[in-house]
Amino acid sequence: MAGNSQRRNRRNPGSKKGASVGTGGHSRRALEGKGPTPPAEMRKGHPKQRAANAAAKRAADARARAGMRRGGLQGRTGKSGTELVYGRNSVLEALEGGVPASALYVLQFIDNDDRVREALKLATERGVPLLEAPRQQLDNLAEGNNHQGLILQVPPYEYAHPDDLLAAAANAHAAPLIVALDGITDSRNLGAVVRSVAAFDGHGVVIPERRSAGMTAGAWKTSSGAAARVPVARATNLTRTLESYQKAGCFVVGLAADGTGTITDLDALTGPVVLVIGSEGKGLSRLVAETCDLTVRIPMPGQAESLNAGVAAGIVLYEAARLRA
């Protein structure tokens, strides 16, 4: 008996009563591992993960800088749509033109002149935050361009949906009068068209998402404040958008140098109509021209072969307003 007791105690030395009953595998899951150890780059807090995150951020910044394009007011626009306008004249012109702004960066210890004082006054009156910054920060924002101590940050423009323009006409109890731009890449032309649409009671402007000017600070300035009242919509596919307008009862009229008719006394202008204007050099693209119900030209007895989009839009919109009066 003594030998048996010693054997039991050797199997379970902490028990005086012999071997205990097993769990039957019920705790096996608690003993399972958590899988293979993840790479160092994926382990939170690991130096290699911090290094990898920093490298990814540098790569993203490089891509963003590569996607920036120059604006008409010595500014730049990133992929996010946020635009920077730099230079004392450009910043002052943007503020005077009613360009929306989210911040005005001002160089520490800046040398004041009339332009700086007026810019600071306008920004303060409009409630634009003034952010004092060292030269190095402004140099980085302007990417080496001459900012002269002032950089204005313009928030992304909030584009409307093409259907919103029809809704605007319905709310005004009027036949839709919409301008669509095909291949217009100059933001000043876009601003001029927006201004004409506002002047002649149009209901908005449609532009394509790609290969088209956008609502930059230059477009805002050229519109002389009209961009705050006239919606600009972006179309993923301009041809399909024109087709949807046709289904909604609009007559689509394209302006072309070789148009089959003229704008003079064009009855379609009195009803729901979409005016399509192409670039001065190339005119309407083939698919857009084929989608139009009618193409017309502006009679020009002079020697000019074509007009830029802003001028052409103003002439046709005036004719539409005259016939609708």
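**Whole chain**

How much of the protein do buried residues make up? I found that 40% of the 325 residues are buried, where buried means under 20% relative accessible area, exposed over 50% and partly exposed in between, with a 1.4 Å probe and protein chains only. A caution to myself: this is a predicted model, in which local features need pLDDT of at least 70, side-chain atom pairs count only at pLDDT 80 or more, and totals for chains, interfaces and linings use all residues. Residues are numbered from 1 along each chain as its sequence is written, and side-chain values use heavy atoms, with hydrogens and water left out.

Next I looked up the secondary structure, and it comes to eleven helices and 13 strands. Both are DSSP runs numbered from the N terminus: helices are H or I with at least four residues, strands are E with at least two. I also checked contacts, meaning heavy atoms within 4.5 Å. Among those between residues at least 6 apart in sequence, 75% join residues at least 24 apart.

**The seven-strand sheet**

In what order do the seven strands of the open sheet come? I read it as β9-β8-β7-β12-β10-β13-β11, with parallel pairing. Two strands pair if DSSP finds at least two bridges between them. β9 (232–235) and β11 (261–262) stand at the edges with a single partner strand each, so one side of each has no neighbour in the sheet.

I followed a few pairs by hand. β8 (residues 204–208) is joined to β9 by four bridges, and I207 has R234 of β9 as its bridge partner. For helices on the sheet, I noted that α6 (residues 162–171) lies across β7 (177–182), β8 and β9, at about 140 degrees to β9. Axes here are lines fitted to C-alpha atoms, for helices over the stretch in contact, and angles run from 0 to 180 degrees between N-to-C directions.

**Strand β7**

Three bridges join β7 to β8, where A180 stands opposite V206.

Which residues of β7 point one way and which the other? L177, V179 and L181 go one way, I178, A180 and D182 go the other, and all are buried.

Then I zoomed in on L177. L177 is buried because its relative accessible area is 2%. Leaving out residues up to four places away in sequence, L177 touches F200, D201, G202, H203, G204, V273, L275, L317, A320 and R324. L177 and F200 are 23 residues apart along the chain, and their C-alpha atoms are separated by 9.4 Å.

**A loop residue**

Is S212 buried or exposed? I have S212 down as buried, because its relative accessibility is 17%. S212 sits in the loop between β8 and α8 (217–222). Beyond its neighbours within four places in sequence, S212 is in contact with I184, T185 and I207.

The contact uses N189, A192, V193, S196 and V197 of α7 and A309, G310, A313, G314 and L317 of α11.

My other pair was α3 (residues 88–96) with α4 (residues 114–126), at about 35 degrees with axes 9 Å apart. This crossing is left-handed. From α3, the residues R88, N89, V91, L92, A94, L95 and E96 meet R115, V116, E118, A119, L122, A123 and R126 of α4.

I also checked which residues of α3 are buried, and got R88, S90, V91, L92, A94 and L95. Their cover includes β3 (83–86), β4 (103–107), α4 and β6 (150–154). Last entry: just after α3, G98 takes a positive phi of about 75 degrees.

Notes
A crossing is left-handed if the near helix is turned anticlockwise from the far one by less than a right angle, and right-handed if clockwise.
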